[in-house]
Amino acid sequence: MRDEPQSTGRRVYSGIQPTSVMTLGNYFGAVQNWVRLQDEHECVYCVVDLHAMTAPYDPSELRDSTREMFVSLLAAGVDPERSVVYVQSTVPEQAELCWLLATLASLGDLSRMTQFKEKAGAQRRGDDADGAFIPAALLFYPILQAADILAYRADAVPVGDDQSQHLEMSRGIARRFNSRFGNFFAEPETLLTTVPRVMSTADPTRKMSKSLGPRHFVGLFEDEGSVRRKIRSAVTDSGAAEGGGISPGVDNLLTLLAASGHPEEADRMREEYRIGKLRYVDLKGRTADALAALTAEMRDRRADVERRVGDVDEVVAEMGARARSIAGATLARVRDRMGIFPPGRSPATEL
Ligand code: AMP
Ligand code: TRP
């Protein structure tokens with residue numbers, strides 16, 4: 001990886017929150033696309049533990065779920081030989097860049113972010129006993145996200161729809177920096193790739209998510225018995241779509257079948273559904289087979305990663321060093337342009 005990206009290939013950057021278990025929703029909806037993008041781009045991927053600190057959390061759980069997400073990314077196919085994959089808190093340059101960029105972000109814009117309003121609302125409601133506590137970090141969340149992206153001078157960011165406002169904010173910050181201090185940052189584009197939206201098998205009207213509880217998600221490394229049980233008991237007919245469309249549960253199973261490598265079979269079954277010939281037992285059976293095969297492969301790959309990696313924290317530290325060399329080069333130039341001093345010599349060099 002070059003320290004000064006420019007010209008030819010586009011640099012792709014994305015981040016994911018450490019939510020411990022990686023679900024099929026995360027995998028099909030985001031991570032599988034990250035893995036593919038490595039074939040054509042220089043990619044930098046980050047487990048954003050500093051962002052996770054904006055919600056109430058437990059310190060030792062945070063470190064565990066960050067490790068878990070890091071290992072999951074490697075097992076899912078993010079390749080540290082080809083890409084930079086790292087943990088956000090191992091790169092203090094990013095937090096520093098966040099401060100510098102905060103001088104270029106408008107308070108009005110920040111307080112109008114939908115995600116800020118929603119999360120601040122939720123924390124206000126959840127915290128009644130102690131009175132409302134909304135950490136200022138929640139307001140800064142999009143500036144830290146801009147710092148993530150701009151530290152690596154990325155030009156393309158694969159994210160879901162819900163992040164487009166944050167990306168607009170990153171572009172605004174890059175633009176303001178360029179016009180005030182001279183052209184330096186690319187304005188990062190949102191890389192829109194069509195990815196499936198995976199719904200809960202227990203309630204297909206809601207997005208598959210860990211936060212809904214164990215019945216509602218399938219983990220990427222989940223054991224076969226449990227995967228099969230969840231698919232067998234998947235809701236197919238309740239809440240059938242109005243107006244004769246496909247029922248959300250059937251649609252979701254077809255989505256899972258297609259995403260797990262069987263798009264033609266899913267198309268054929270979709271057609272059978274249309275003409276009233278689809279047997280749900282067949283759909284569930286095939287989807288369960290496909291997901292059992294996928295999760296078994298993922299478990300093998302994970303065991304392989306664990307064998308190769310040995311001490312995860314060592315690898316996290318190593319990858320952090322690689323990421324820091326890129327972010328540090330950006331930061332030095334940003335500091336210079338913004339008119340502040342270089343950092344004092346580190347105490348270690350004076351000994
Ligand atoms: P989260 O853990 O909700 O922050 O999601 C991490 C990434 O996975 C984001 O890019 C989401 O868009 C994606 N994702 C999470 N759940 C789903 C889902 N049920 N279907 C599709 N994509 C999802
Ligand atoms: N806010 C993003 C999310 O919740 C995660 C994220 C943090 C991110 N930093 C990023 C995504 C930088 C893309 C680029 O999904």
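Me: Which residues are around ligand 1?
Reply: Ile 16, Thr 19, Gly 25, Asn 26, Gly 29, Ala 30, Pro 196, Arg 197, Val 198, Lys 207 and Met 208. A residue counts as near a molecule or strand if one of its heavy atoms lies within 4 Å of it. This is a predicted model, where local features need pLDDT of at least 70 and side-chain atom pairs count only at pLDDT 80 or more, while totals for chains, interfaces and linings use all residues. Residues are numbered from 1 along each chain as its sequence is written, chains are lettered from A and ligands numbered from 1 in the order in which they are written, and side-chain values use heavy atoms, with hydrogens and water left out.

Me: Which helix gives the largest share of that shell?
Reply: Helix α1 (residues 24–37), with 4 residues. Helices are DSSP runs of H or I with at least four residues, strands are runs of E with at least two, and both are numbered from the N terminus.

Me: What does a backbone N or O atom of Gly 25 lie 3.1 Å from?
Reply: A nitrogen atom of ligand 1. A backbone N or O atom of Met 208 also lies 2.9 Å from a nitrogen atom of ligand 1, and a polar side-chain atom of Asn 26 is 3.2 Å from an oxygen atom of the ligand. The protein buries 75% of the 480 Å² that ligand 1 exposes when taken alone. Accessible areas come from the Shrake-Rupley method with a 1.4 Å probe; for residues, only the protein chains shown count as cover.

Me: OK, ligand 2. Which residues are around it?
Reply: Tyr 13, Ser 14, Gly 15, Val 48, His 51, Tyr 141, Gln 145, Asp 148, Ile 149, Val 157, Val 159 and Gln 163. Helix α7 gives the most to this shell, with 4 residues. Both β1 (11–16) and α7 (136–151) supply at least two residues.

Me: Which polar side-chain atoms lie 2.7 Å from a nitrogen atom of ligand 2?
Reply: One of Tyr 141 and one of Asp 148. Gln 145 has a side-chain N or O atom 3.0 Å from a nitrogen atom of ligand 2. Taken alone, ligand 2 exposes 360 Å², and the protein buries 89% of that.

Me: Gln 145 again: what about Ser 170, which residues is that in contact with?
Reply: Gln 145, Ala 146, Ile 149, Leu 150 and Pro 188, leaving aside neighbours within four places in sequence. Contact means heavy atoms within 4.5 Å. Ser 170 is in helix α8 (residues 164–181).

Me: Is Ser 170 buried or exposed?
Reply: Buried, because its relative accessibility is 0%. Buried means under 20% relative accessible area, exposed over 50%, and partly exposed in between (1.4 Å probe, protein chains only).

Me: And Ser 72, where does that lie?
Reply: In helix α3 (residues 59–76). Ser 72 is buried too, with a relative accessible area of 0%. Not counting residues up to four places away in sequence, Ser 72 touches Met 22, Phe 221 and Arg 302.

Me: Switching to α9: which residues are buried there?
Reply: Ser 226, Val 227, Lys 230 and Ile 231, in a helix spanning residues 224–232. Seen down the axis of α9, they fall within an arc of 130°, so they line one face of the helix. The arc is that of the directions from the helix axis to the C-beta atoms.

Me: What do they pack against?
Reply: The buried residues of α9 pack against α10 (248–259) and α12 (280–309). The face turned away from the buried side carries the exposed residues Arg 229 and Arg 232.

Methods:
A polar contact is a pair of N or O atoms within 3.5 Å; within protein, one must be able to donate a hydrogen and the other to accept it, and residues adjacent in sequence count only if both atoms are side-chain atoms.
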